[in-house]
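This briefing goes through one structure topic by topic. Please keep the sequence and the 3D view open while reading.

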Amino acid sequence: MPDSRRIEPVADLRPAPIQILVNGHKTFCYPGETVATALLGAGARGFRRSVTGTLRIPVCNMGVCYECMVKINGLEAQRSCMTLVSPGMCVEVTDEA
Amino acid sequence: MKLETLNYDLVVVGAGPAGLTAALLASDAGLHVAVIDEQAAPGGQIFRQPPSTFNAPPSSAFASYPFGQKLLAQARNNIRIKWYFSTCAWGVFHPEKGGVQLAIVEGEHSHLLDCSKLLIATGAYDLPVAFPGWTLPGVMTAGGIQTLLKSQFLCSAQRYVLAGSHPLLLLLAGQLVDAGAQIEEVAIARPRPKVCELLAGWRALPGHWRMFGQLAGILFKLWRKGVPLRFSTIVTRVQGKEGVERVTLSNVDTNWDILPGTERHHLADGLAIGYGLLASTELARQAGCSVNWNPERGGWVVDHDDTMRTSLEHIYVAGEPCGVAGAEMAHCQGRLAGISIVAALRPDSTLSAISARRALGRAKPFADTVATFFAPRLDALTKLADSETLICRCEDVTAGQVCDFLKKHPHVSSVNSVKLACRSGMGPCQGRYCQHTVAHLVSAERNIAVNQTGAYTAQAPVKPIPLASLALVQQD
């Protein structure tokens, strides 16, 4: 599993964190991040399972590949790379951290 | 939920260098303009910026393309243009009353935009390459890793292998080193450039010294960090349990065919794939614009005349959809398209296309040199897939399934027939990730040219949209 992490090239890069719920668990992230970034930053192992059951995470990060689809606020099949986080957002992934 | 029909002189799809240039020019000339983009902010992929909530310096892409900074500033300050961000354009229709109608969806809200002219500036996306293991988590496009890094400040892995043949790969290598990531190897498929090739590329130099300087800086940085950069090297396999663990590389000949016995392995948790770009032509094809096959320039690309008009009277094209050529060409084509559209709608306009054509002429040698120098060998890349390799990631269709079907049905010679029978291309990406691989499989099996296998029929909606918004449009 790839080991992703946030970097901080300049001091105080990010604003104050907010919380979203990932499979019901409180997860910190930052306003301006996409749901994909929040999930990768939290170490999610898989965003979705393919039709034959293999784990998938984002590939293109620009809305083309549809590998980053997750359930957001009850709506299925949302592209997490194209959706910005907001406080209290409920995200459901196949395999959490 | 609501459905509105709105009227514009010009609707532009895509807020990258081509679309923004045309939209701003047309708006300044007094046209009523709307711009649609899937991203949350202007700039397209090339000028994608850090979030406004972050305390970050602007994108480093401005160093290569200084015009970008001014373009984005003008876009942000233009309140005459109607901006539809986080909005997907999913269909072009031709109403009987004339003009063009564009269907868009913004969250759950659908709109129909009536316009006199439509400009398609939908950009390009990283060329997907199917090889054993490419669906494992951790294999990403070079563009995907780069946008996570430069606009989200997230490193998708810690130990990378970079494989491809596009110059973006070197840019990414430099950025990953700066971010503190480890790079095991940068594997470039094309052979080491010969002196005569480098000399033949001199026409690319004027006006691009800054870019060549940056490239030299990156090469020096990689050399100082001891990152191996090898030519005639291709990625052949990725292994791992539920993510990338081991990457296999092989040497290739000048046709990118694998040289047996040259395999070597790296332990890594990230693999960047950067073999080139495919033009995003789905919307143009759905609209009915004619296309031609140009594998050096992104596959199926949109035909246009010297005013950037497509085969359809009211539809124009600019940037990568008419042939992948980079941000500078996109900027010049956007300008030319904007001028042409203004001239078509305002016959008394005094805008002249002469300087736009000159700028295009100056940008072209660089784009041409890059295209020939780094052209992906799609035929060789298709051979990387073995029979177990998934070529359609959405429907999990293997190369073996497609080849078996072709063997059993000798009359089949089109990608559309394969799509109907094997389901490759029927998932949410709508064939963007598998079409060229299927085309090459059919071409190889039938011994026909790739362009004779056709393209998947592009139908509205060209991207998946909520059913509810579609139902509303049908009610209208």
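Contact here means heavy atoms within 4.5 Å. By that rule, 50 residues of chain B and 46 residues of chain A take part in the contact between the two chains. The model is a predicted one. The points below cover the interface, the sheets of each chain, and a few backbone details.

**Interface of chain B and chain A**

- About 3900 Å² is buried between chain B and chain A, and carbon and sulfur atoms account for 55% of it.
- Five salt bridges are counted between chain B and chain A.
- One of them joins Asp396(B) to Arg56(A), with 2.9 Å between the closest N and O atoms.
- On the side of chain B that touches chain A, at least two residues come from each of strand S7 (124-126), strand S8 (139-141), helix H4 (142-152) and strand S9 (154-155) of chain B.
- H4(B) gives the largest share of that side, with six residues.
- Sorted by class, the side of chain B that touches chain A holds 25 nonpolar, 15 polar and 10 charged residues.

**Strand pairing between the chains**

- Strand S1 of chain A (residues 5-6) pairs with S9(B) through two bridges, in the antiparallel sense.
- Within S9(B), Cys155(B) is the residue opposite Arg5(A).
- S9(B) is also among the elements that supply at least two residues of the side of chain B that touches chain A.

**A three-stranded sheet in chain B**

- Three strands of chain B make an open sheet in the order S13-S14-S15, and their pairing is antiparallel.
- Strand S13 (233-239) and strand S15 (264-267) of chain B are at the edges with a single partner strand each, so one side of each has no neighbour in the sheet.
- From one strand to the next, the twist averages 30 degrees.
- S13(B) and strand S14 (residues 246-251) of chain B run antiparallel and are joined by six bridges.
- Val238(B) has Val247(B) of S14(B) opposite.

**A five-stranded sheet in chain A**

- Chain A has an open sheet of five strands in the order S3-S2-S8-S6-S7, with mixed pairing.
- S3 and strand S7 (75-79) of chain A are the edge strands, and each pairs on one side only.
- The twist in this sheet averages 40 degrees from one strand to the next.
- Strand S2 (residues 18-22) and strand S3 (residues 25-29) of chain A pair through five bridges in the antiparallel sense.
- The bridge partner of Val22(A) in S3(A) is His25(A), while Ile20(A) stands opposite Thr27(A).
- Two residues lie between the strands in the hairpin of S2(A) and S3(A), where Asn23(A) has a positive phi near 50 degrees.

**Backbone details**

- Most residues other than glycine have a negative phi, and most peptide bonds are trans.
- Ser86(B), a residue other than glycine, has a positive phi near 50 degrees.
- Ser86(B) is placed in the loop between strand S3 (82-84) and strand S4 (88-93) of chain B.
- The peptide bond that joins Ala460(B) and Pro461(B) is cis, with omega about 0 degrees.
- Pro461(B) is in the loop between helix H14 (435-446) and helix H15 (467-475) of chain B.

Definitions and conventions
Residues are numbered from 1 along each chain as its sequence is written. Chains are lettered from A and ligands numbered from 1 in the order in which they are written. This is a predicted model: local features need pLDDT of at least 70, side-chain atom pairs count only at pLDDT 80 or more; totals for chains, interfaces and linings use all residues. Side-chain values use heavy atoms; hydrogens and water are left out. Buried area is the accessible area (1.4 Å probe) that two parts lose on being put together, summed over both. A salt bridge is a side-chain nitrogen of Lys or Arg within 4 Å of a carboxyl oxygen of Asp or Glu. Helices (H or I, at least four residues) and strands (E, at least two) are DSSP runs, numbered from the N terminus. Ala, Val, Leu, Ile, Met, Phe, Trp, Tyr, Cys and Pro count as nonpolar, Asp, Glu, Lys and Arg as charged, and the others, Gly among them, as polar. Two strands pair if DSSP finds at least two bridges between them. Axes are lines fitted to C-alpha atoms, for helices over the stretch in contact, and angles run from 0 to 180 degrees between N-to-C directions.
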